[in-house]
Amino acid sequence: MPELPGNLQTALDALRNYKPGKLVTLDRGSYPKLDPAVSFYDKHIDPRLALRRIILAPSLVGDIVAAGERALQSYKDRTDVELPAIDQTFLASERYGNDVVGARSIGLVYERGLGQPAAAFASMLLLHPNAPNWSCSMLFFESQYSEEKSDAFNDDYTPVLLNPSIDREAWGYMDENTRKRYNMAYKKFRKPAVWHMYFVRREARRALKRMDIVVSKQMPNYPTFRTDASKVGPGSRDLPFSPDALETAWGIPLSAYETVVSQASTSSLPLRRSKRVAANVVRKAKAPERPRLPRDKKKLASLPSSNSKLSREWAEVTCPISSVSVRTNEEVAASLLHRAWGSAVEKDATFIVLHCGTYERIAIRHRSTQTLFLSGLIDVNKGSDSSYGAIHIGLFISILSDVLDRAAQVEAKTSQTSRKRRRSAATVVEPCKRPRTRTMTAAEAVRKASDRKELQIMVDEISSRPLALLRMQYDRFNSPVPASFLRDDTSSKPVKSSYEPTEYFILTLTSYLGDGATGQIHTATVELFGSDGNMHSFSNAVVKFAFLPNPRQRLRHEFKVYQKLKASGITCIPEVFGLFKDVEGDTLALVMTHAGKCLADRRPDIQRSAFYVSKDERDQFVEALQSIHAQGFRHRDIRPENLLVSEDGSVKIIDFDRASLESSEDTREREMKHLMKVLDGRDFGAVGVASVSHGSFCESEQASTTTSRAWENSTDNSDITHRDSGQSEMSDASSVSTDTDLTEFF
């Protein structure tokens with residue numbers, strides 16, 4: 001690398017030559033086992049985003065080192081900037097210690113020894129080299145920690161772009177072009193790379209070594225669910241704009257990689273055919289698939305004949321009997337690559353690092369060709385042609401260069417779209433707002449009555465159906481194959497594998513709502529082929545997932561409470577369609593109606609944290625809780641997030657996962673008093689309430705916004721992340737997040 005003046009060169013040399021040393025695994029009696037299975041959410045990724053091929057790139061490590069050298073040379077060639085003197089501790093590697101007990105320990109060794117100082121140096125060099133003091137706009141740390149995560153795998157360590165308002169001085173010394181690109185990168189690519197840490201055990205080391213074999217053999221297809229449902233495939237929808245960088249940080253255009261992909265694809269083409277035969281092959285490939293009819297003709301005859309076309313569109317489906325386990329070393333290696341690709345799609349990241357403490361691989365995700373370029377095996381301690389520290393200095397420079405390049409493209413696309421919208425908006429004439437008439441009121445009443453009737457039909461139809469076909473169609477999700485969910489009250493294995501159209505319904509997740517006390521919540525639509533021969537749909541449903549053991553236990557308890565309350569005639573709860581379990585995993589899904597908007601979401605200003613509750617709503621909430629108490633139940637989690645008001649003004653109470661089925665009169669009285677305090681804004685932390693019935697504005701003294709609520713109310717889909725099976729970035733209530741003290745950064 002080019003020389004730098006003074007103590008900066010000394011600090012940089014120490015960082016370049018960093019080696020973590022030999023790691024020692026502490027004896028705990030038993031070591032964590034690596035589960036390579038691809039996550040539930042990753043199986044729902046749009047086929048246009050899934051991994052299609054892997055190409056081994058032996059020169060990738062050398063190219064990344066060259067990126068660091070190129071950036072330093074570019075700095076030395078400039079005469080208008082000069083890096084300030086540096087405190088030796090700013091780029092110093094902090095030794096965490098070599099005694100490790102799990103994947104999190106591996107991450108801490110890397111974070112403190114190399115990740116933090118390398119990210120800080122790249123940030124200073126590329127973003128604000130003429131700042132008078134050393135500062136950083138990109139940090140590397142553990143962004144979130146869950147106690148229920150596996151000790152064998154950790155994906156919480158990541159570089160994070162900091163809020164521009166954190167370091168005003170550094171922000172002020174960015175040039176205008178860099179400032180625009182960084183601001184867009186902060187909005188769209190806040191976590192710009194993926195780090196997967198594995199516990200330093202034989203299975204992880206062996207998997208990283210055998211990735212060469214996986215590449216040399218035919219790469220397994222991206223894993224999906226094994227449901228056989230020809231009529232329930234991916235929908236037609238546009239993907240969010242996500243470009244590749246026009247040029248890599250080491251100066252090689254991506255077209256060079258596209259050439260490699262093209263050559264690899266050409267080598268696997270079939271034998272030459274005549275033009276006539278080739279045309280027939282293309283025609284057959286484009287021809288629509290013939291509808292798949294039920295195998296049993298008697299069952300087909302039993303379907304209503306009033307709409308024969310509709311009955312043909314709803315075919316028999318086959319769900320898998322059990323899940324498939326990953327066994328061989330090559331299968332484990334391939335699954336780890338698929339899982340890493342899924343994480344990169346989730347964060348919209350380009351760079352991926354697979355690290356187990358002793359071995360490492362670096363990969364680049366190429367979006368347009370759905371290709372993963374994989375480096376050779378890096379021995380962390382023995383080193384290679386380049387020192388380990390130099391590799392990661394170049395890596396962080398490459399990561400930052402990549403997001404700035406892509407941010408510039410997104411900025412240009414956004415500006416172009418905004419101009420089109422302004423031109424079209426200028427030609428639109430706003431219609432006059434008509435006053436509400438009796439006819440309009442009557443029509444709305446008819447519509448609501450029709451909705452209630454349709455909801456009752458859905459409840460009656462779904463209650464007898466054992467199978468739910470679940471798919472996702474929003475953001476990056478467009479399920480190539482639906483997941484099969486059976487009612488949780490049935491056996492863990494399907495009683496049968498084939499189901500007729502009148503035995504299942506289709507559940508399509510359309511958006512992400514947020515995290516509940518138990519798991520992630522999504523809006524959904526429900527479709528089914530009715531016993532009357534017609535198709536019925538309901539677009540106001542909600543699905544709550546639980547992935548980990550404790551949340552699954554709570555979700556089962558919540559479903560049990562809902563059943564008992566409904567049997568008792570309680571109406572202040574959502575309509576529950578059922579609790580279903582994934583056939584190929586342990587995921588639970590509670591399906592119910594969307595009960596309305598919670599009081600916490602009524603806040604007109606998230607900083608002021610205040611909202612209003614009318615006298616009628618207040619009285620309804622009191623009456624609702626009284627009816628629940630009259631059955632001997634106690635909610636035990638009364639807060640604004642669990643108090644909902646529907647469009648027609650009726651109130652609902654949700655989230656009974658912590659409810660007590662037996663309670664004393666004293667505890668119920670205390671809970672009623674707590675509800676009154678919540679409605680008065682006197683007993684729930686950060687959120688304030690103003691009660692219209694009191695005729696005054698009442699606001700909580702603690703009007704600060706918590707990280708979880710700010711994240712939940714985020715409208716930027718690029719920050720929406722989903723994980724499961726011990727990998728949930730939006731962790732359940734039992735997890736402990738380290739984001740709490742870093743709210744201002746995000």
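In the predicted model, Asp348 and Arg367 are both buried. Their side chains meet in a salt bridge, with an N to O distance of 3.2 Å. This pair links distant parts of the chain, the two residues being 19 residues apart. Asp348 occupies the loop between helix H12 (329-347) and strand S9 (351-355), whereas Arg367 occupies the loop between strand S10 (359-366) and strand S11 (371-374). Asp348 and Arg367 also belong to a network of salt bridges, in which they are linked with Asp244, Arg365, Asp402 and Arg406.

The count of salt bridges in the model comes to 28. One of them joins the side chains of Glu142 and Arg104, at 2.9 Å from N to O. Here too distant parts of the chain are linked: Glu142 lies in strand S4 (residues 138-142) and Arg104 in helix H3 (residues 103-127), 38 residues apart. The two partners fall into separate classes of accessibility. Glu142 has a relative accessibility of 7% and therefore counts as buried, the cut-off for this class being under 20%. Arg104, by contrast, has a relative accessible area of 32% and is partly exposed. A further salt bridge is formed between Glu461 and Arg465, whose closest N and O atoms are 2.9 Å apart. Both Glu461 and Arg465 are buried.

Positive charge is also found on the surface, where Arg202, Arg206, Lys209 and Lys382 gather in a patch. Within this group, Lys382 is placed in the loop between strand S12 (378-379) and helix H13 (388-427).

Backbone geometry was examined next. Most residues other than glycine have a negative phi. Asp475 has a positive value, with phi near 50°. Asp475 is found in the loop between strand S13 (467-474) and strand S14 (477-478), and its relative accessible area of 15% makes it buried. Arg636 likewise has a positive phi, near 70°. The loop that holds Arg636 runs between helix H16 (615-630) and strand S24 (643-645). At a relative accessibility of 49%, Arg636 counts as partly exposed; the value lies under the cut-off for exposed residues, which is set at over 50%.

Pro240 lies in the loop between helix H7 (211-216) and helix H8 (254-267). With a relative accessibility of 47%, Pro240 counts as partly exposed.

Cysteine residues were considered last. A disulfide is a covalent bond between the sulfur atoms of two cysteines. The count of disulfides in the model comes to 0, the criterion being a pair of cysteine sulfur atoms within 2.5 Å. Cys356 has a relative accessible area of 0% and is therefore buried. Cys598 is buried as well, with a relative accessible area of 8%.

Definitions and conventions
Residues are numbered from 1 along each chain as its sequence is written. This is a predicted model: local features need pLDDT of at least 70, side-chain atom pairs count only at pLDDT 80 or more; totals for chains, interfaces and linings use all residues. Side-chain values use heavy atoms; hydrogens and water are left out. Patches are made of residues with over 30% relative accessible area and no salt bridge: like charges are joined within 9 Å, nonpolar side chains (Val, Leu, Ile, Met, Phe, Trp, Tyr) within 5 Å. Accessible areas come from the Shrake-Rupley method with a 1.4 Å probe; for residues, only the protein chains shown count as cover. A salt bridge is a side-chain nitrogen of Lys or Arg within 4 Å of a carboxyl oxygen of Asp or Glu. Lys and Arg count as positive and Asp and Glu as negative; His and the chain ends are not counted. The place of a charge is taken as NZ of Lys, CZ of Arg, CG of Asp or CD of Glu. Helices (H or I, at least four residues) and strands (E, at least two) are DSSP runs, numbered from the N terminus. Buried means under 20% relative accessible area, exposed over 50%, partly exposed in between (1.4 Å probe, protein chains only).
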